[in-house]
Amino acid sequence: MNPITLVTTFLLLFTTTHLIRVDSAEPHALYACNSPYLSSSSPTTRFPFCNPSLPITQRVQDLVSRLTLDEKIAQLTDTAPPIPRLGIPAYEWWSESLHGVSKHGRGYKFNGTFTPNGTLINGTATIRSATMFPQIILTAASFDPHLWYRVAQAIATEARSMFNAGQGKGMTFWAPNINIYRDPRWGRGQETPGEDPFMAAKYGVAYVRGLQGYTFEGRKMFDFLQASACCKHYTAHDLDNWHGVTRYVFDAKVSKQDLADTFQPPFRSCVEEGQASSIMCAYNRINGIPSCANHGLLTQTARHQWRFNGYITSDCMAVPIIHEDQGYAKTPEEAVADVLKAGMDVECGTYTQKYAKVALQKKKITEQEIDRAVRNLFSVRMRLGLFDPNPSNKAFGNMSSSRVCSKEHQDLALEAARSGMVLLKNTANLLPLCKTKTASLGVMGPNANSPDVLLGNYEGVPCKATTALQGLQSYIQNIKYHPGCSTVECSSPSIHEMVRIAKEVDQVVLVMGLDQTQEREKKDRVNLELPGGQQAVITSVAGAAKNPVILVLLCGGPVDISFAKDHKNIGGILWAGYPGEAGGTAIAEVLFGDHNPGGRLPVTWYPQEYTRIPMTDMRMRPEKSTGYPGRTYRFYQGKKVYEFGYGLSYSSYSYKILSVSRDRLYLDQSSRAQAAKILNSTRNYMLVSELGKRFCDKMKFLTVVEIKNLGKMAGRHPVLLFLKPSKQKEGSPIKQLIGFQSVKLNEGERVEARFIVSPCEHLSKANGDGLVVIEAGNQSHSSTQIVRWPSCTSLTNSMALASRDSFQFLAEEPNLQSQQLVLV
């Protein structure tokens, strides 16, 4: 037997009536009510809160009624203490699972197991690693929601297995990060699905459903949550530390319009469609009010409007900064009162635990507000099945260590890495390389043989890690390797040695880019160029090589590589993000043609001159009078290195729109009177909320697009459907993504992609007041119109075959020049 399992732990637990000594030969998961650390005759198991046949609301009410005020206040921190007299173990709310079970956060350990009082016993772990999937920005580039869902499912399975092995102290995970990647310098943009709110929303929904144990379509499969997902950071949070402006003090000045159509949609979908059981409020202020003290955001919007059902946590140490850094609250107890009254339930930190009683004594809060927070917390723990008898008989109770780092999950990590990689340049079809014709290969660059750079941030301990060098070595035996620089900062490059190698080999692969010293939490970039001497290295090697070189970029954020894009002796460029533990294998497979690249950029790649715009300027829309160019592909009017959605393939594809199921949209009977009233008033729009869900659902229609693979390689190809007004109106997006699918096609194969178009969602816009509306206007000038008809009111556009001048739908081909597919 492994000596680790021979560790004998002596635990003392106080129940209502007696003391129990437990000699445990192996660790156990931290369950209440039927924990192996409790006597079978323990009276706690007979309390109503331990009865799974009762509604959770009734069980929670019973439990909270048994707690003292001090016990309730003690639960308002991420590291919740045990309540021994009720047999309730310690619980840790802060665990991370961004792209795998993480070593960051306090809830999971790869070196030990937890006792019921929360103590870590080092050296007792049986699971020493977990599958590390690609960083989110790369997985997002696949534009494949089914892949996103499957990755989240795998993460949840491994998390439950670790929890069952005693290596987890909670099942609440603070992911996904669905903030909009508004500015390319943001250090945490790598954690997000990119710059488009529609795409970020779809990612959030897929991740939450996968992690929490729902079907892909959102149906519950089990009585319990498999894990709890948290949508963060709510909201308009996308700056960490830029020129001394930190996230702790930043006041994001956001218009109602931008809030409504850019920053809020991912969170709304995460709650309404994904059914997320947690939201994290952010550090920053929004228009002067700290996010965690904003009753309008937390309670009025999330709980009342979106019907959020779960707990709201602060980001770590976000409560004390409200008083100590932002000066919003005059005293610590006022800061605590502000967040509890706003709707926050638990703090990552101890400020609330320390000052809540003072706030209560000074009548700044009521005990009922504390009770509300505690009820929300225990409700989620019960929804996770952590208060149910016989947990091993439940859906997730028998997940074991064999489910962690399984072949299935490692294969999925490789699939995710392959699927996201974006081919940016392939002059004269240099790629894929031919194994039989490549006698020697030079592999150079600071990222070529670094296992750490593969993972990105919020990483765990990978099952294994294959670097780019190692991946390429499985294809070519004669490889000459040189890092070129000791770090990605590349302050003293060995250009002479690299040039010598370049002259000797048939092909050169340069593996360059960024790492976590350049972009991460608490560190935003100040420029968009490759750091240090990297550009000099690349151009020197390219100039000396026998044949055009291949540049592989490992980075989360976009970089200005205009020099490489235009360089005649740089024949191929591959963006590989931070590709996870299987990244090196995926890179090699793409370069040698065992995988046909199909990823597309989920962010705009801007030129260096974009850094003249202050990162603190939150405006999305351009302003001609000042020369402000706007942000993201939806509004940006400046130069681009690469566009959102750009990506090449070893195949080419054609598109054809086969059908549109509706040629005209009518308001239903119940809306006519209201529509007529609006059209006769001075108001020139109709609120989508006034149309109602029934009407909006009824007006959805189907668009069918045929895609054909014209190349000689099978490939997986993302199809992106955009809405674009033929005549740009001030304040409206240049174009807007309204649908995407990833389809697999063999050589010469045709497949159909079916898109559901929702007029209320896709043909509407947010106005200056932040209201989602469908505007009235002149048919030849308005993108979407409410027009008069003799016997009805109709919404018309070119999609409805009403006017060639209104709307265009376009599916972008994988090159810079998009092919417009206009329905007329």
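Biologist: In β28, what is the bridge partner of lysine 708?
Modeller: In this predicted model, Lys708 is bridged to Arg750 of β28.

Biologist: How many bridges join β25 to β28, and do they run parallel or antiparallel?
Modeller: Strand β25, residues 701-709, is joined to β28 by eight bridges, and the two run antiparallel.

Biologist: Which side chains of β28 are buried?
Modeller: Val751, Ala753, Phe755 and Val757, which point to one face of the strand.

Biologist: Why do they alternate?
Modeller: Side chains in a regular strand alternate between the two faces of the sheet.

Biologist: Changing topic. Which residues touch the most other members in the largest nonpolar core?
Modeller: Ile561, Trp575 and Trp605, in a core of 214 residues. Helix α4, residues 145-164, gives the most to this core, with 11 residues. Another core lies apart from it, with 17 residues, including Ile657, Phe701, Val719 and Phe755.

Biologist: Back to isoleucine 561: what is it in contact with, leaving aside neighbours within four places in sequence?
Modeller: Ile561 is in contact with Leu424, Leu530, Leu553, Ile573, Trp605, Val641 and Tyr642.

Biologist: What pLDDT does the chain average?
Modeller: The average is 89, and 87% of the residues score at least 70. Over residues 1-25 the pLDDT is below 50, though that stretch has 53 contacts in the model beyond near neighbours in sequence. Residues 777-824 are also below 50, with 144 such contacts.

Biologist: How should the predicted coordinates be read where pLDDT is low?
Modeller: Not in detail.

Key: Residues numbered from 1 in each chain as written. Predicted model: local features only at pLDDT ≥ 70, side-chain atom pairs only at ≥ 80, totals over all residues. Heavy atoms only, no water. Core = buried A, V, L, I, M, F, W, Y, C linked by side-chain atoms within 4.5 Å. Buried < 20%, exposed > 50% of the residue type's maximum accessible area, 1.4 Å probe, protein only. Helix = DSSP H or I, 4+ residues; strand = E, 2+ residues; numbered from the N terminus. Contact = heavy atoms within 4.5 Å. pLDDT = per-residue confidence, 0-100. Pairing = 2+ DSSP bridges.
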